[in-house]
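Reader: I'd like to learn how to read a fold and a chain contact from a model. Can you walk me through this one?

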Amino acid sequence: MDLIANHISHRFGDLAVLDDISFTVSAGEVVAIVGPSGCGKSTLLSILGGLLQPTSGAPELRGAPPADSLNPLTFVFQDFALLPWASVEENVEFPLLHTQLSAPQRRALVDDALRRTGLTDFRTTYPKQLSGGMRQRVGISRALAVKPAILLMDEPLSALDSQTRELLMEDFVRLLADGGMGAVYVTHNLEEAARLADRIVVLSRRPGRIREVVTVPMTRTERGDAAAREKLLALQNQIWSLIRNEAIDAEREVQHA
Amino acid sequence: MLDRAATDTAKDSATRRVRFRGAGFVPASSRFGGWIALAFVIAIWQAAGSTGLVNALFLPTPAAIVRAIYQLAISGALWQHLSASLLRIGVGWLLGTAAGVAVGFAIGLSRLARSVGITFISALFPIPKIALLPLLILWLGIGEEPKIATIALGVFFSTAISVYSGVDAVPRNLIRMAQSFNVPFATIVRKVVWPGALPAILAGFRITASVALLLVVSAEMIGAQYGIGAFVLQAGNLMQTDQLLAGVVILSVFGLAVGKVIGWLEIRLLHWR
């Protein structure tokens, strides 16, 4: 199943946020969206996931999702969005409760998602008892339980410390390795984008327009060795040079606001 | 290298400890402080009455009040008055709470209900509900109904306000999360909005329990033969101040008991906080 941004524009009142955004996320592809602060990255993701009506244009799907997918477009939120009154397993089971699945079927999906994210031993704990990284793992586990075709990740690591970010990035690489699941990954961190994405959509300063679409010239499995790291660093520098001036302007604008 | 250099420098001159400045401003209390203070006040009160320092007619001693409660209990009058008050509070509070929760959720979840409901609540909430008792007697007759209706009205407005405030305070990111998984509206209300609003709803229950107690005493003082309010008024008229204060102590104990029940509910239902 492909996800298509079809000439999407959006305004909040008089403020134009996005202007004519078009691109396609093919099945199994990981597309990162980067750009200066306030360029509409998160707004675009909300529109792509059907949580916000665009002013014009539309998000579209092409092809059927996998037969076992319970929620083809599934978000992983920056602030985790966990129910504080529910345990880890109840949080992971939450999106399955309204489906036609029987209790044993739900249980099997929850067990599998918890196992894949290393949370099996934490199933009865509550979010407040967990670290930020573990809370995000619960968010990822909840997303995996519904077997998404495309993960919509809104700066999923930005609320975490650098060590936890590194560990979770390794998890993302592993989870997306087989190409069975695609992703749209919104981030302001160019290293994360270069490490995870097949293509990087670079947005301009507000109103966000597509400045460039950069293809990462190697597979994700090839990105571990030293030579690849140098290439990725060069790619990051290339993207940074595209947005640096606008990022500075955006930063000054935020400070004036 | 830097550490060693700093240590060496410190050795060269006399040291002094950094003064601790972080004390206080912590909302903590000692475990028995409150009880010791209460016992101390009661002891002084008893001593002042026993030594004749205070006229027992104006302020009976704690022992006299306990004796009055005991005599009321063995005569059966205590249960007669208490059961009448409890019935009125119980029925009035339940009716007011049920209506308040329903209206509060409607206001919290529906744009139409919000625009209509908040206007009416803003207009009617400030009215002292006891002022409506004569009108309610006119409408519902002399009996239990107007007293129960007064309590229900008082409880209704506070409950509705606390419920819709609680619904408004449910983090929107949780609702968006549920919507992103295509969770149906009813399930979002049951699994996200209700538990998210529960802290505010239970806080509202504490307030409405006090409102119900205030209104039952007021209503019973205006027109009732039995009930703690009627008993207190009657005792005051007869200058039986030990009985009057016995009624006040019973009201206080009732308030404390309700507070304990709500505290227990909070521990059971909000253990995740």
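This is a predicted model: local features need pLDDT of at least 70, side-chain atom pairs count only at pLDDT 80 or more; totals for chains, interfaces and linings use all residues.

Reader: How many helices and strands does chain B have?

Author: Eleven helices and zero strands. Next, look at the overall spread. The globule rule gives 19 Å for 273 residues, but the radius of gyration of chain B is 27 Å, well over that, so chain B is more spread out than a compact globule.

Reader: What does the C-alpha trace of chain B span along its principal axes?

Author: About 90 × 65 × 30 Å.

Reader: And what share of the residues of chain B count as buried?

Author: For burial, we count neighbours around each residue, with 20 or more other C-beta atoms within 10 Å as the cut-off. On that basis, 30% of the 273 residues of chain B are buried.

Reader: Now the contact between the chains. How many residues come from chain B and from chain A?

Author: Chain B puts in 15 residues and chain A 17. On the chain B side, helix H8 (172–180) and helix H9 (185–223) are the elements giving two or more residues. H8(B) gives the most, with six residues.

Reader: What is the make-up of that side by class?

Author: The side of chain B touching chain A has eight nonpolar, five polar and two charged residues.

Notes
Residues are numbered from 1 along each chain as its sequence is written. Chains are lettered from A and ligands numbered from 1 in the order in which they are written. Helices (H or I, at least four residues) and strands (E, at least two) are DSSP runs, numbered from the N terminus. The radius of gyration is taken over C-alpha atoms; the globule rule is 2.2 Å times the number of residues to the power 0.38. A residue is buried if 20 or more other C-beta atoms lie within 10 Å of its own, exposed if 12 or fewer, and partly exposed in between; C-beta atoms are placed from the backbone. Two residues are in contact if their C-beta atoms, placed from the backbone, lie within 7 Å. Ala, Val, Leu, Ile, Met, Phe, Trp, Tyr, Cys and Pro count as nonpolar, Asp, Glu, Lys and Arg as charged, and the others, Gly among them, as polar.
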